[in-house]
Amino acid sequence: METKTVGVIGAGTMGAGIALVCGRKGHHVKLLDANQAVLDKAQSYLQSILSKDVEKGKINEQQKTDTLERMKLVSDMEQLADCDIVIEAVPERLDLKKTIFGELSRICKSDALLLTNTSSISITEIAGGLPHPERILGFHFFNPAPVMPLVEVIRGKKSSEDNVEQAYRFAEQLGKVPVLVTDTPGFIVNRIARPYYNEALRILGDNVAKVEQIDRIMKQAGGFKMGPFELQDMIGIDINFATTQSVYSDFFHEGRFKPSRIQQRMVQAGSLGRKTGEGFYDYSK
Amino acid sequence: MTTANKAVLLTGDSPLYAELHHLLIDRGYTVLSFEDATSAPQTVSLAVEVNSLNLEAKKQQLCDLDQLLAADVPIITTSLAITATEAASWTEHPERVCGFGTLVPLAERELIEIAPALQTEEPAIAAAVSLFRSLDKETEIVVDEVGLVFPRILSLIINEAAFALMEKAATPQDIDTAMKKGTNYPYGPLEWADRIGLDEIYAISRGLQRDFAEERYRTAPLLRKLVLAKRVGVRSGQGFYHYGSKEECEK
Ligand SMILES: NC(=O)c1ccc[n+]([C@@H]2O[C@H](COP(=O)([O-])OP(=O)(O)OC[C@H]3O[C@@H](n4cnc5c(N)ncnc54)[C@H](O)[C@@H]3O)[C@@H](O)[C@H]2O)c1
């Protein structure tokens, strides 16, 4: 397998995990963040995960040292000039992403693949107006990136076939399972999973069944691993609500995606799920 | 529970028919068709009616059962495509009609939902609960709406997958892979639909649309067309996938 130099922008939840995935497969990685504290945290995260890999016998001490050696933490975009591939994982804001891709278009080689890990922003919109939009693609990992096997490879309106194929092969080389999707709101997973949450909320709102009942039914009748309410509590009700709102608005308010008032009230009340100790269930006890 | 002399009258043409028939016999019930029962209706302790797609047939069969059986014999009916309340309203003894809903394959269902109609009285609910308990299923009683909980939510997921496929957002294989690998679904929605029967999923979707009259429940045109073309899934050799050659069957 060809070793590449991969830049990862944003060393938060997703970026640090994505960098680890790339580093483990032998690539040279440059992990960049605007915040030094985040970089320090990412460094200790990488060290601790790779140390666990050694304990588990997955790699030896030398391989750990080599992997860390290949992974550089950087804070200046200019340092990404020699990257073959850059994966952007900064917060979900169009203005931030547009600025970063503008910079990358200037800094990187003209044939470097520029990928965004966005969960909901249109790839076409991110690439719009930039030189070489044919090499800007979506490359959507799932959280936690080192564990979840899927990568959605998203074809923007101007992405070239050649680059789509390259990104697809790169995902396979990372040991992931890639799927190809056109630039549609929510891509595949976040779109098709909407009814799992939304219809459960509707059923709750119409008093057809209670939270515990719906969770139990979806697990024991449906064979799902987690019920829709337990899952919202785990994901964060605010995050889940924001995803629904974004898909709803990007489909120009198609009724199938209409968000739930129950969910909105929970967000307004600050009952966001496990992270606040209370959501559809109480975690304070 | 001994079920030796219990005769269950089973009628209907949903994919549930064959599986329920098999399971009832396996648990020691005598299963009668409507014709079998006409000569000795007094042997029937319970009737189960499972039509989803053809509502005319559902109405006819429920009325026939209502005429044939003594007024205290419970009639359990699928409330997948219409509410149990509407089904019960067709009969002269609506208090003995109780809704339920599940999807094949029954071997994968640990739990079955029961939805009493507004008119249902206690004995019919108890009969539904004990029937499914005797088939080793747990039960959950929910309020009567089209599609209950699991069939309703799953049919909407499948409907959304059908929209995405119609738009060519991704291939059927990629849609199924994404839902299994990106969010841990037990099956991809399209392969799942092919195993359940697209006719059954369509019946639920159409019922939701009819009862709620909201854009939210709009059926994907592709789903409807596949059913009209009798491509209902594994059962008919073709649905979202082809099941013609061996490799494809193993998908
Ligand atoms: N968290 C998830 O479950 C998840 C899953 C899939 C995709 N995503 C997507 O991944 C992206 C990142 O999400 P996250 O959860 O990792 O966010 P995060 O907040 O954990 O991390 C983002 C990081 O980007 C850094 N950053 C901000 N502006 C920057 C800039 N201009 N230059 C360099 N670094 C900058 C921040 O300091 C932060 O460390 C988003 O687009 C999100 O939609 C998230």
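**Note on the predicted two-chain model and its ligand**

1. Salt bridge between the chains. B:Glu160 and A:Arg191 form a salt bridge in which the closest N and O atoms are 2.7 Å apart, the term being used for a side-chain nitrogen of Lys or Arg within 4 Å of a carboxyl oxygen of Asp or Glu. By this rule, nine salt bridges are found across the interface of chain A and chain B.

2. Basis of the values. This is a predicted model, in which local features need pLDDT of at least 70 and side-chain atom pairs count only at pLDDT 80 or more, whereas totals for chains, interfaces and linings use all residues. Residues are numbered from 1 along each chain as its sequence is written, chains are lettered from A and ligands numbered from 1 in the order in which they are written, and side-chain values use heavy atoms, with hydrogens and water left out.

3. Extent of the interface. Chain A brings 43 residues into contact with 47 residues of chain B, where contact means heavy atoms within 4.5 Å. Between them the two chains bury about 4,100 Å², of which 59% is on carbon and sulfur atoms; buried area here is the accessible area (1.4 Å probe) that two parts lose on being put together, summed over both. On the side of chain A, the residues that lose the most area to chain B are A:Ile192, A:Val208 and A:Arg256, which together make up 16% of what that side buries.

4. Polar contacts and composition. The rule finds 20 residue pairs in polar contact across the interface of chain A and chain B, both residues being at pLDDT 80 or more; a polar contact is a pair of N or O atoms within 3.5 Å, and within protein one must be able to donate a hydrogen and the other to accept it, while residues adjacent in sequence count only if both atoms are side-chain atoms. The largest share of the side of chain A that touches chain B comes from α8(A), with seven residues, helices (H or I, at least four residues) and strands (E, at least two) being DSSP runs numbered from the N terminus.

5. Ligand. Of the 23 residues around the ligand, those that come nearest are A:Met14, A:Asp33, A:Glu92, A:Lys97 and A:Ser119, with a heavy atom within 4 Å as the criterion for being near.

6. Backbone points to inspect. The peptide bond from A:Asn143 to A:Pro144 is cis, with omega near -5°, and A:Pro144 has its place in the loop between β6 (136-141) and β7 (150-155) of chain A. In the loop between α11 (237-250) and α12 (261-269) of chain A, A:Phe252 has a positive phi of about 55° although it is not a glycine.
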